[in-house]
Amino acid sequence: MNEFQKYLSKRVLFAIVSVLVIISFDFFLFRLMPGNPILIDYRSPALTRQQIEALSKQFGLNLPIWEQYVLFMKNTFEGNFGISIFYKQSVSSVLFPALYNSLILLLPATIIAIFLGIFTGKFAAWRRGSASDGVVTGTSMAIYSIPTFWLGGIFILIAIKTHAFPVSGMYVTGAVYSSVFAQLSDLLDHLVLPLATLTLVLFGQFTIIMRNSLIDVLQEDYINFAKSKGASDRYILNKHAVPNAELPMISIIAVNLGLTVGGAILTEVVFSWPGIGFLIYSAINARDYPILQAAFVIIAIVIVLANIIADILYSYLDPRIRYQ
Amino acid sequence: MIEIEDLTVIYRTREGKIRALENINVDIKSNEIFGIVGESGSGKTTLAMTIMGLLPRNGYVESGSIKVDGDDILKLKPEMARMVRGKVISLVFQGAMNSLNPLLKIEDQVAEPLLIHRSTNRGEALRRARETLELMGLDSFTWKKYPHELSGGMKQRAVIATAMIMKPSIIIADEPSTALDVITQAQLMNILKELQKMARITIIFISHDFPLVSEMADRIMILYGGKPSEIGSNRQILSEAGHPYTKGLINSVPMISARSKPEAIPGEPVNIKNPPAGCRFKPRCKMALDSCGSYDYSPKIIEGDHMIFCKMFEGGKDGRST
């Protein structure tokens with residue numbers, strides 16, 4: 001085993017431990033919420049007391065909480081997330097399509113925001129203190145501080161006035177498509193507004209992070225030393241400053257991925273995008289423990305994975321932390 | 001070789017303009033080690049940065065000229081100034097520990113000036129980088145290392161190798177030994193001296209460390225509060241010092257052989273944001289006269305190029321520069 005493999009296996013071991021801890025938190029967190037799914041079932045006049053108790057038994061909700069916990073951990077390890085209390089079907093059959101829908105929205109939004117953010121952040125940092133820096137930084141700060149639902153609301157308002165884009169869902173309800181391309185174009189139409197909302201919110205943040213990180217780097221001695229070698233501004237920016245400024249960006253992006261999912265919840269709810277955020281929102285209303293637990297386990301795994309990837313990238317880009 | 005005439009450098013700040021350097025008139029000769037001594041705020045780094053054309057954004061040259069072989073480098077267009085940097089004049093930086101980019105290999109950083117000035121291709125540049133590193137006493141195991149894997153002294157040698165690689169005619173060494181232990185510092189000084197003799201380079205050696213400069217330099221300029229106090233040869237400064245500040249510096253050096261204790265110069269360094277009128281050393285000077293408040297920094301010139309900027313010596317042979 002070489003140094004890198006040692007480093008990697010240690011890192012994966014840590015990741016497994018953190019996922020385990022998160023799964024345990026996950027179980028208790030939702031049971032600390034007031035109310036439970038059975039009480040919600042009591043509202044239904046169609047169910048008798050016996051039926052409700054039978055349901056409760058079926059879902060294991062009559063057991064003592066620690067037994068439920070042991071059962072939950074055992075099932076989670078077997079990859080069995082149980083049955084949704086609200087949808088009355090297996091959690092996986094609800095969760096994975098939603099995860100897929102979320103990725104259609106999240107991946108392009110994050111990637112566009114990162115690239116745009118790096119570009120404008122570079123622009124602003126290089127002209128720091130100038131009027132154009134003021135405009136870029138001010139705008140980014142404003143976009144960053146706008147609540148997602150408000151920005152989404154404004155987009156919906158404009159779209160309804162101008163009939164430009166659909167404002168809700170992923171497809172026209174009940175549509176039958178003549179070809180894959182027709183379906184794709186419908187999807188893209190629906191994607192425009194939520195994508196724009198999410199991209200803008202993330203973009204403001206990434207611009208500010210890149211700008212500040214780059215301004216820190218530009219004050220380093222090695223930047224001045226590169227200038228004393230006769231290097232041009234563009235050369236210094238691209239060869240010395242940006243690679244160093246990107247390092248903190250990588251870890252910040254990985255850590256912020258949790259917030260990205262959070263931001264996606266708001267965007268998805270505002271635009272009724274049938275993704276994992278929207279699912280979490282409705283599952284909380286229904287106290288649908290199995291869905292919530294599974295959704296949070298998935299999100300936790302995604303974030304832990306993203307951090308591992310960030311660490312590997314980091315160790316690849318920064319010789320100072322290689323194989324340690 | 002380098003003629004600095006009437007140089008005034010100003011920093012714009014929130015509290016107004018700061019005159020960081022004023023009345024600087026000095027000729028630096030070819031192939032000498034010219035030492036510049038001063039405490040923090042004396043303008044020594046500003047002088048280095050002005051010669052390099054690397055003043056911070058808020059700094060500018062208000063008046064004066066810096067002629068290198070007859071051409072005023074302050075008048076060069078940015079693109080031309082860039083061609084001078086690293087090629088004709090290079091810099092060994094204050095805090096050399098941080099002068100190297102942490103993400104690049106040593107040999108790549110040393111080779112960089114060759115590639116920036118398009119002197120040669122990458123292979124040849126690397127070959128010459130290794131050659132120069134070897135000359136500096138850094139053997140092959142360091143070539144592919146990253147800066148964090150080297151000691152402070154090794155890093156400083158790599159920085160000097162970078163400054164040397166274009167065979168410049170002038171090297172400015174600004175506090176090159178800061179943060180190094182005394183032994184490493186002594187080795188480094190020997191390297192600089194040898195290089196200077198071998199490659200016929202003019203070295204401008206800048207430090208707050210008066211004994212160090214007096215060991216290194218052929219001639220010395222003493223700066224105080226952005227203005228000159230005294231300029232002279234090593235011998236003139238050490239044994240024929242005229243300016244009270246120079247004398248204070250000499251007396252503040254601890255000597256093993258001497259029976260007397262070193263004497264500190266009383267008072268605080270000058271506040272450059274709000275300097276006193278006339279002689280800037282006046283508030284700390286034991287011999288200050290009332291008329292020092294109106295001193296205009298016209299030097300007293302003693303035997304050749306020994307210049308003293310002090311009111312007490314005024315009235316003798318007068319002249320702005322030779």
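User: What makes α5(B) largely enclosed by the rest of the structure?

Analyst: The count does. In this predicted model, 11 of the 13 residues of α5(B) are buried, so the helix is largely enclosed. Buried means that 20 or more other C-beta atoms lie within 10 Å of the residue's own; 12 or fewer makes it exposed, and in between it is partly exposed, with C-beta atoms placed from the backbone. Among the buried residues are B:G153, B:V159 and B:M164.

User: What covers the buried residues of α5(B)?

Analyst: The cover includes β6 (89-92), α3 (106-116), α4 (122-135), β7 (170-174) and α6 (182-199) of chain B. Helices are DSSP runs of H or I with at least four residues, strands runs of E with at least two, numbered from the N terminus.

User: How do you know that the span of helix α5 of chain B agrees with its 13 residues?

Analyst: The expected span is 1.5 Å times one less than the number of residues. For residues 152-164 that should be 18 Å, and the end C-alpha atoms are 18 Å apart, so the two agree.

User: Which elements of chain A give two or more residues to the side that touches chain B?

Analyst: Contact means C-beta atoms, placed from the backbone, within 7 Å. By that rule 18 residues of chain A are in contact with 24 of chain B. The elements are α9 (221-228) and α10 (233-270) of chain A. α9(A) gives the largest share, six residues.

User: How are residues and chains labelled, and which residues count?

Analyst: Residues are numbered from 1 along each chain as written, and chains are lettered from A and ligands numbered from 1 in written order. Local features need pLDDT of at least 70 and side-chain atom pairs 80 or more, while totals for chains, interfaces and linings use all residues.

Technical notes. Two residues are in contact if their C-beta atoms, placed from the backbone, lie within 7 Å.
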